[in-house]
Every structure is written in C-alpha cells, then in structure tokens.
Amino acid sequence: MRTLLAIGLSILSFTWTEAQYISQVLEYVPAPGQFTNTVPWGSPVAASTLVGGVNGSMCLGAFGGYVIFRFEEPVENDPENPFGIDFTLFGNPMEHWSEPGVVWVMKDENENGLPDDTWLELAGSDFYFSTSRRNYQVTYLNPGDTVAREVPWSDQLGDSGFIKINSIHTQPYYPYRDSFPAIVPEKYTLTGTLIEGAVDVDHPPVLKSARRAFGYADNQTRGQTSLILPDNPYTPEVENSGGDAFDIHWAVDSTGSYVDLDRIHFVKVQNAMLADGKYLGELSTEITGGVDVVPDLSVEGNLNLLVIRDLPTEIAGFEYQMEVYAFYQGRIIQNAAVDWSSSNPEVTVDEQHVLRATEPGSVTLTAYLKDIPQVNTSVSTNIVATPTSDHVRFIGEKEAYIFPNPASEIVQIRGIEKAALRIYTAEGRIVLHMEEYRGGTLDISSLLSGLYMVRIDNGVSMQRLRLLII
Ligand SMILES: [Ca+2]
Ligand SMILES: [Ca+2]
Ligand SMILES: [Ca+2]
Ligand SMILES: [Ca+2]
C-alpha cells in the first residue's frame with residue numbers, strides 16, 4: 001500500500017507539478033482572539049483550508065495559539081536547496097504589519113506516523129534577544145456570555161491583562177466548547193516562546209509591527225514567481241516565492257543547542273507575540289498554506305546576516321545597551337567581531353555595544369561584520385533627555401539594563417531611579433525581591449549559575465531583562 005502510494009505520488013509530481021503542499025492538519029488550538037469562532041479564519045474548518053494549496057485562511061488568535069500539520073512526504077533538509085531553505089509558509093502580512101509565529105519541527109523518530117516525538121524550535125532572528133522568553137505560559141479565562149467580552153489572561157510571572165474586543169467582531173473570543181472540545185471551557189494555558197517584536201501603535205493612523213529579520217511565520221510578504229523557489233531569508237527584499245522561508249538547519253533543542261536533522265515529518269506554528277494592535281486587534285499569526293522546496297543548485301545568494309534588536313523610537317537617557325547578533329545560514333556566529341558607525345558625532349557605541357550620547361538628537365547606527373563589512377545593518381532612534389510618551393506594554397522601550405551581564409558576584413541595574421525589583425529563576429521562582437530599588441549594586445554571589453529574569457516596575461512602566469549568572 002505504501003509503495004503503491006509512493007509510486008502514484010511520484011508519477012503525479014512528475015506529470016503535474018513538483019510542489020508538495022500541506023496534506024493534513026493534525027491539531028488546531030487557537031488562543032482567544034477576534035477571529036476565533038468565526039468562519040473562515042477561526043473555526044475548525046479553517047484548519048482544512050491549509051491543505052493542498054497556499055490560499056487558505058487560518059488564524060491562531062493571541063499568544064500561544066498553534067496549529068500542527070504535515071506534508072504528504074517528509075520534508076528533507078537537502079543541502080542542494082536554495083539558501084538551504086527546506087519549506088515555505090505563507091501568511092497575510094503587510095509591508096508594515098507582521099504577526100510573527102514561531103515554527104517548530106518534529107521528526108517521526110519512532111516511525112508511528114504520530115507527532116509524539118520531540119518538538120525542536122526553529123531559532124529565528126529574535127531567538128537570542130534578551131527580551132525573548134522560552135516556556136512562557138499564558139492562561140486565558142473564559143469570561144462567559146454569548147457575545148464578545150474581554151478575555152482576561154495571566155502569565156506565570158504574575159503579569160495579567162485582557163484580550164481586547166472590538167466592534168467588528170461581536171462573537172465570544174474564547175474558543176467554543178462545541179468547536180474545540182479539546183479546550184477546557186473554563187480556562188486553558190498555552191506555553192510557547194514569546195518574542196517582543198517591535199510594535200508602534202502610538203502614532204495612528206499608521207500602525208506598525210516591524211518585520212522580524214528571519215525565521216518567523218506571517219512575517220514576509222509574497223513574491224511573484226514559482227512557489228518552489230523560496231525567498232532568501234538573509235536579505236530584506238522579497239525574492240522568488242516570497243513568504244516565510246524555513247531551514248531545518250535552525251532547529252534547536254530545549255537547551256538552545258543546534259540539532260542536525262536529515263528530514264522532518266511534522267510542523268507546528270505558534271503565535272509568538274502577546275500584543276494589542278489597537279484597531280487591528282490582537283497580534284495574531286495567520287497561515288494560508290505551505291510548500292516544500294525543491295533542490296536547485298543554480299541558485300546563489302548572500303547567507304550572512306547581522307541583526308540588531310529593535311530600538312524604541314525614542315531612548316530616554318544617554319546610555320542604552322544595544323544587542324547585535326551575527327548569523328551564517330541562520331545559525332548564530334558566537335563572538336562575531338562587530339564595528340559600529342554613527343550618523344551623529346554626539347552618539348557612539350562601544351565594544352560592549354553600549355550606546356552613549358552626550359546630547360539629545362536623532363541618530364542612525366550601523367553595525368558591520370568586521371571581517372566582511374559588506375554585511376551590515378542599521379537602526380535609527382531619537383535620543384531624548386526625558387521620556388516624552390506614555391509607556392505602552394510591549395512597545396520595546398528598554399532604557400534600563402543590567403551591568404555587567406553575564407555576572408557572578410555583583411550587578412547593577414542602570415537607567416532607573418526607583419523601582420520595585422524582582423529576580424526570578426527560569427522556572428519563575430522569586431529569588432530576590434526589593435520594593436524600593438534605587439540602582440545600587442546587588443550581591444548575586446549566592447545565586448546558582450543560570451538564566452534569570454529581572455522584572456523592574458516603577459509604577460509607570462514595567463520591564464523584563466535577562467540576567468545570566470556564571
Ligand atoms: Ca535546509
Ligand atoms: Ca497577519
Ligand atoms: Ca511519532
Ligand atoms: Ca529576502
């Protein structure tokens with residue numbers, strides 16, 4: 001039976017097309033959202049629209065909503081694929097509006113045809129950002145009622161909020177019991193990787209959610225040509241099919257180490273952002289289909305990339321810890337040497353990537369790979385002496401930073417005057433708590449090595465920073 005099927009498929013692919021599409025959706029668990037429970041984007045029917053083409057309609061709702069699917073045949077990590085890319089997913093992003101989803105892959109190690117093996121995250125451009133967080137858990141509460149009501153959420157760090165409703169979508173946003181019997185009707189928890197993104201909804205009517213550099217779904221717009229020839233994810237331009245190109249080569253395990261896989265059988269896409277897009281509703285990954293890539297040795301392109309963590313539109317203060325990461329074929333280059341140039345003589349960036357300004361003003365900063373200066377990237381911001389806009393959660397202002405980091409004896413949180421401070425372990429346990437931290441040095445010598453989360457709240461804004469203790 002299996003042999004016959006394989007022969008049938010190979011004839012089909014030879015005579016009709018070489019494209020291999022998604023063939024089956026195995027699980028669809030949306031988070032609450034404006035499209036949840038609506039047709040076609042948020043009902044169980046949405047999942048079936050991903051099969052066999054690239055013009056379906058499926059929405060994952062707010063943070064953590066996910067879908068699991070497979071292609072007809074395993075997706076090969078073929079070194080002869082263009083740019084190393086193995087499959088492409090399509091969403092509905094716009095030029096200034098990306099709704100990034102994290103993609104996970106699984107190999108059917110036990111060969112039982114079921115996705116009961118190990119999920120490996122494809123580490124995209126934001127994986128190493130200090131603002132990204134793996135194993136982030138959000139619990140959604142069902143507000144009840146037969147019409148739309150805000151859906152309360154809380155995370156494992158004690159933060160909470162609401163999935164907002166709008167006047168266009170009047171149905172309940174919490175998944176219907178009848179449509180999604182696997183979702184507990186009272187409340188449910190979704191766990192995944194959170195990224196901060198770069199959302200600017202404070203300057204309407206133009207709302208922006210900036211495209212991530214590479215490695216996320218519902219992120220890059222479509223191209224014009226053959227579906228089986230992918231975009232080069234290491235350039236900002238849309239090439240070939242466009243859409244979001246993925247390389248199995250980016251897979252990491254639960255410790256963040258790269259894993260070499262020859263092929264994968266299952267793919268999971270999960271909304272990576274918890275953010276409100278004002279009149280556009282909550283940020284929510286949409287998927288319309290996927291296609292396997294076909295080997296083609298004639299295609300060449302740039303495989304190097306530098307990524308700078310997005311700067312806020314304004315930096316309040318004269319010091320700011322920047323982050324820059326170098327990649328080759330999507331895997332990080334540890335300790336890559338990076339040089340900086342600045343458009344403004346009053347603003348410099350030192351070897352620790354700390355921005356220092358002597359005057360307020362606008363600046364464009366460019367990072368260069370020292371060995372290959374053609375590989376560079378730029379960011380712009382405006383340095384102001386004091387904050388001029390109200391804080392909005394998840395907008396990305398990060399004026400506070402930890403110094404030194406990594407650390408082993410003492411650290412100092414710079415850039416804040418007075419705030420409540422909490423330090424958590426990766427599991428969410430509080431190991432240090434001060435209601436009135438005023439920027440002094442903290443003795444952390446008694447803490448075990450590992451990754452910690454530092455939460456700072458000055459009553460106006462809340463920030464989370466990552467601290468590595470070695
Ligand atoms: Ca590959
Ligand atoms: Ca979208
Ligand atoms: Ca299996
Ligand atoms: Ca490109």
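Two residues are in contact if their C-beta atoms, placed from the backbone, lie within 7 Å. This is a predicted model, in which local features need pLDDT of at least 70, side-chain atom pairs count only at pLDDT 80 or more, and totals for chains, interfaces and linings use all residues. Residues are numbered from 1 along each chain as its sequence is written, while chains are lettered from A and ligands numbered from 1 in the order in which they are written.

**Stop 1: the cores**

Select Val105. Leaving aside residues up to four places away in sequence, Val105 touches Leu120, Leu122, Ile248, Ala251, Ile264 and Val267. Val105 and Val67 have the most contacts inside the largest nonpolar core, which has 99 residues. Such a core is a set of buried Ala, Val, Leu, Ile, Met, Phe, Trp, Tyr and Cys residues joined through C-beta atoms within 7 Å. A residue is buried if 20 or more other C-beta atoms lie within 10 Å of its own, exposed if 12 or fewer, and partly exposed in between, with C-beta atoms placed from the backbone. At least three residues of this core come from each of domain 1 (2-292) and domain 2 (303-399). Next, select Val411, Ala419, Ile423 and Tyr452; these are among the 15 residues of a second, separate core.

**Stop 2: the domains**

Colour the chain by its domain assignment: domain 1 (2-292), domain 2 (303-399) and domain 3 (400-470). The bounds come from an automatic or database domain assignment. The centres of domain 1 and domain 2, taken over C-alpha atoms, are 29 Å apart. Domain 1 gives 23 residues to the contact and domain 2 gives 18 residues. On the side of domain 1 that touches domain 2, 14 residues are nonpolar, five polar and four charged. Here Ala, Val, Leu, Ile, Met, Phe, Trp, Tyr, Cys and Pro count as nonpolar, Asp, Glu, Lys and Arg as charged, and the others, Gly among them, as polar.

**Stop 3: the hairpin**

Go to Tyr452 again. Which residue is the bridge partner of Tyr452 in β34? The partner is Leu467. Strands β33 (residues 450-457) and β34 (residues 462-469) run antiparallel and are joined by eight bridges; two strands pair if DSSP finds at least two bridges between them. Helices (H or I, at least four residues) and strands (E, at least two) are DSSP runs, numbered from the N terminus. β33 and β34 form a hairpin with four residues between them, and Gly459 in the turn has a positive phi of about 90 degrees.

**Stop 4: backbone details**

Select Val39 and Pro40, which are joined by a cis peptide bond with omega of about 0 degrees. Pro40 sits in the loop between β1 (22-29) and α2 (44-48). Another cis peptide bond joins Phe403 and Pro404, with omega of about -15 degrees; Pro404 is in the loop between β28 (401-403) and β29 (410-414).

Now select Asn135 in strand β7 (residues 133-141). Asn135 is not a glycine, yet has a positive phi of about 55 degrees. With 13 other C-beta atoms within 10 Å, Asn135 is partly exposed. Lys278, also not a glycine, has a positive phi of about 50 degrees and lies in the loop between β15 (263-271) and β16 (286-287). Lys278 is partly exposed, with 15 other C-beta atoms within 10 Å.

**Stop 5: confidence**

Finally, colour by pLDDT, the predictor's confidence in each residue, from 0 to 100. The chain has a mean pLDDT of 90, and 93% of its residues reach 70 or more. Residues 1-17 have pLDDT below 50, and this stretch has two contacts in the model beyond near neighbours in sequence. Over residues 387-398 pLDDT stays under 50, and the model has 23 contacts for them beyond four places in sequence.
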